[in-house]
Amino acid sequence: MAGAEGRPVLLLLAVCLFGVLLLYGAGRFCAVRREPARALPPFSGGLAPAEHPASRFHVRWYPVSLVFLAFDMEMLFMYPWVRVVRETGTPAVVEMFLFLGILLAAVAYAWREGAFRWS
């Protein structure tokens, strides 16, 4: 790389190196303190905290979040379906009700297995 042909490559290399150094410097500048949190101020509507703000969720939330994700995926599939149901007609309606039936069967299974019980 001699002369004018190598300048764009060297410029790109310099920009990349500058970006890496900038990100490294920003990481050092914004580094999290490694001290334990002490005397935390209230964080929940002014009330004294019952637990640490960085505490983990209870394991009972995971089945509920999975059911939420299943219904979220249902909505993701229903938006494009609404756009094509008029052109496609009855087969699209039948397919969507089959899909909703499978989802309802999954919710019934989760209910039967006790995924929604809190005790």
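Here is a short tour, starting with the whole chain and ending at a pair of side chains.

**Before you click.** This is a predicted model, so to speak of local features pLDDT must be at least 70, side-chain atom pairs count only at pLDDT 80 or more, and totals for chains, interfaces and linings use all residues. Residues are numbered from 1 along each chain as its sequence is written, and side-chain values use heavy atoms, with hydrogens and water left out.

**Stop 1: the whole chain.** Show it as a cartoon and you'll find three helices and zero strands, in the order α-α-α from the N terminus. Helices here are DSSP runs of H or I with at least four residues, strands are runs of E with at least two, and both are numbered from the N terminus. Of the 119 residues, 9% count as buried, where buried means under 20% relative accessible area, exposed over 50% and partly exposed in between (1.4 Å probe, protein chains only).

**Stop 2: color by confidence.** pLDDT is the predictor's confidence in each residue, from 0 to 100. The chain's mean is 81, and 86% of its residues reach 70 or more. Where pLDDT is low, the predicted coordinates should not be read in detail.

**Stop 3: two annotated spans.** Select residues 61-81 and 93-111, which an unreviewed UniProt entry lists as "transmembrane region"; such annotations may be inferred rather than shown by experiment. Residues 61-81 are 100% helix, with end C-alpha atoms 30 Å apart. Residues 93-111 are also 100% helix, and there the end C-alpha atoms lie 27 Å apart.

**Stop 4: a nonpolar patch.** Which residues make the nonpolar surface patch of about 630 Å²? Pick Phe 57, Val 59, Trp 61, Tyr 62 and Trp 118. Patches take residues with over 30% relative accessible area and no salt bridge; nonpolar side chains (Val, Leu, Ile, Met, Phe, Trp, Tyr) are joined within 5 Å and like charges within 9 Å. Zoom in on Tyr 62, which sits in helix α2 (residues 61-88) and counts as partly exposed because its relative accessibility is 47%.

**Stop 5: the salt bridge.** The structure holds one, so defined when a side-chain nitrogen of Lys or Arg is within 4 Å of a carboxyl oxygen of Asp or Glu. Show the side chains of Arg 112 and Glu 113, which meet at 3.3 Å, N to O. Arg 112 is exposed, at 59% relative accessible area, whereas Glu 113 is partly exposed at 48%.

Note on methods:
Accessible areas come from the Shrake-Rupley method with a 1.4 Å probe; for residues, only the protein chains shown count as cover.
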